[in-house]
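Subject: Structure handover

Hello,

Here is the structure I promised you. Please open it next to this email and follow along.

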Amino acid sequence: MNKNHRKMKALSFLPFLLVASLQAWAQDEPQSTELAEVTVEASRVIHKSDMEVYIPSASAVTNAANSLQLLSNLRIPAVQVNDVLSSVKFGGQDIQLRINGRTASASQLNAVSPESVKRVEWIENPGLRYNGAPAVLNLIVTNPTLGGSVMASAMPALNSAWGYYMADVKLNSGRSQWEALANFKLTENIGSHRDYSETFTRPDGSSLTRTESPLSGHFDNSFGHARLSYNYVKPDTTMLYVSLGASRNFSDSFYYRGLLSLSDGSPDITVCDSHGNPGTTPSLSAYFEHHLPHSQIIVADFNASLFSGHSSNDHSESTPSGILSDIHTSISDRNAAYALEANYIKHWRMARLTAGASYTANRNRSVYNNLPGEAFHQRQDRAYLFAEYNHRIGNVSLTGGLGAQFISFMAAESGQGESSWHLRPQVSASWNLPRNSQLRLDFTSWQTAPSLVETNPVEQQIDGFQWQMGNPLLHTSRSYKLTAQYSFSLPRVSGVLAVCGYSSPDAVTPFMQWDADRLVTSFENSRGLRNLCLWLAPEIVIVPRHLAIGGVIRYRAEQMKGQNYTHYNHDLSGEIDLMASYKGWMFMATYIRAERTLWGEKIIWGESTSIISLAYSLRNWRFTAGVLNPFGKYDQGSKSLNRWNTNESHLRLDMCMPFLRVNYNLNWGRQKRSSGKLISVDATPAQSSAASR
């Protein structure tokens, strides 16, 4: 039995375990809680018309040193929380994280005290005001009116220059709070290599296969973030939030050295590849919320950021007789982004109306230092108007809305680009069923403008005969998604069963073609991507408050059509989690098999990881010892299905790392619930990427 078969067998065991648990275990007496939205059994999860609300239990808070660990303890079905790697995913996709409605990163959640989290809002099918987010997870936290808090964390690996470090200080006085935050992720000189093979086929039918054997390599990815913020809260009346921050990629780079063997019997080639992408991004954000009479709210959010950095790629091929190719690409970026959004919200007893408008501007300037010094300017402007109405009738909630989006992108040097308006309808219906279950149906659509890299017409050389250039004639692509979902919550078993259909009929994807003796990669509006995804995410409580097992099983079927090709992909992936706790001790074990997704003519897979850890909490301290990737090989890579260049690449890192982690949390002062931020606008500057293999 091979390794993949054993993994699939382990994943396929979860549904049978779910059924067996339903038949074998006695059911606890439910505690009924009457809420404005719906009556639920137990208060762990509240099904609302547009979200699910999780109320952290005392044990979930006690066994968490930060809010990422708290999210893991809540066991939200199909949500994979990796506290060690600071990631939160749903169905293999990164989701949008928020703190009191404000967009945040996973690492910023590490600075939120679990004691301050009053509830967690899980929005699996966000409405129009979230502007295309795949899913939203929003932490509603309190503001103390006196005192403050100190949080610190250090997590070094014992055998590598890898780790995460964080410190956060909050000071409170009346309605005001000041915060200073700093975090740093260290990844330096991690041993790595690449397993790579490729076959080039020319139009005349001749072919050449090159197989790379690794010689040496290392990977660096150290980055940090610092932020100062001020928060003013007058409960149920006014909230003001202002922050000034900066992020820095210190050493985002890799280096590989390998030996290429050629199928035509030519001498072996020594190949060296290196890539770097350091840069700094200062940012400013401001938020204002004011409550008016008759259950009316107005909110406004502003965000601005500036990216300054460079992307580089070096590729060389040589034999004992001399250098075959020596390619250097260097791009300097100075890109800015600005965004402003305003919303009006009106509540009635059984209904809600939300209307809003937003504007986002991107101004990009890229200098190609190796051309020499040729500059490329691109501007993108997006305006968005929407209105959405939600109404509840008994156990049924209906939501309908319509958005209008204006997208404009233009290359200054060529004058080529596009301006267009698009409508974005969205409807959803949810039905609360007996036994605290729910059935939901959602339809949504959105548009995506081509990126800076995809529209940039500058030619970049990748290796001896591969090149890349953008296509300024691309147009905005459309996407549609239909989801049917059944949620259930029994005393010891809960979970989600869902099916999702997705279509992007003109998705922007890469394509390859021969130009004389050059193989050129460019971009096109394809003939479309369609996929169907099914998942089951059970959660089983074996011993209440002490032992639980859960996970997710996903099946994906995809079809991709482009220029002269049609490809298919079928994939089974998932995650298994085990959590055990007793008197301050907590043991956790996780195995994740990453999804393999089809995009263009490539099948891409992310990190398949495993983690085991044992933690002990003592007053304000938490001590953890664990191992990252104790089982199996680290594997991240891609497989090209193109007829001209068929290749497969596996990135291998020395990621079997024992680690220690120390958390310290200290809170003082009087806690008081504050208003939660209702909207958030994001302005993220674009970045160039030097083409590479």
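Strands E36 and E37 form a hairpin with 2 residues between them. Asn-564 sits in that turn and has a positive phi of about 65°. Strands here are DSSP runs of at least two residues (E), helices are runs of at least four (H or I), and numbering starts from the N terminus. Before you go on, note that this is a predicted model: local features need pLDDT of at least 70, side-chain atom pairs count only at pLDDT 80 or more, and totals for chains, interfaces and linings use all residues. Residues are numbered from 1 along each chain as its sequence is written, and side-chain values use heavy atoms, with hydrogens and water left out.

**Around E36**

E36 covers residues 547-562, and E37 covers residues 565-582. They pair in the antiparallel sense over 16 bridges. Two strands count as paired if DSSP finds at least two bridges between them. Val-552 stands opposite Glu-575 in E37.

E36 also pairs with strand E35 (residues 528-543). These two run antiparallel and are joined by 13 bridges. Leu-532 has Ala-557 in E36 as its bridge partner. The E35 and E36 hairpin has 3 residues between the strands, and Arg-545 there takes a positive phi near 70°.

Is E36 mostly covered or mostly open? It is mostly covered, with 13 of its 16 residues buried. Buried means under 20% relative accessible area, exposed means over 50%, and partly exposed lies in between (1.4 Å probe, protein chains only).

Next, look at strand E26 (residues 396-411). Strand E25 (residues 374-393) runs antiparallel to E26, and 16 bridges join them. Arg-379 stands opposite Met-410 in E26. The hairpin of E25 and E26 has 2 residues between the strands. Gly-394 in the turn has a positive phi of about 65°.

E26 is also joined to strand E27 (residues 417-433), by 15 bridges, and these two run antiparallel. Val-396 has Trp-431 in E27 as its bridge partner. Their hairpin has 5 residues between the strands, and Gly-415 takes a positive phi near 70°.

E33 and strand E34 (residues 518-525) run antiparallel, joined by 8 bridges. Asp-515 stands opposite Arg-518 in E34.

**Helix H3**

Just after H3, Arg-75 takes a positive phi of about 55°.

**Aromatic pairs**

A search of the whole structure finds 11 aromatic pairs. Rings of Phe, Tyr and Trp (its six-membered ring) pair if their centres lie within 6.5 Å; planes under 30 degrees apart are stacked, over 60 edge-to-face, and the rest tilted. Phe-254 and Tyr-256 form a tilted pair, 5.0 Å centre to centre with 35° between the planes. Tyr-256 counts as buried, at 7% relative accessibility.

Trp-585 and Tyr-616 form a tilted pair too, 4.6 Å centre to centre with 40° between the planes. Trp-585 lies in strand E38 (residues 585-593) and Tyr-616 in strand E41 (residues 609-618), so the pair ties together parts that are 31 residues apart in sequence. Trp-585 is partly exposed at 43% relative accessibility. Tyr-616 is partly exposed at 27%. Elsewhere, ring pairs link Trp-621, Phe-623 and Tyr-664 into a cluster.

Best wishes
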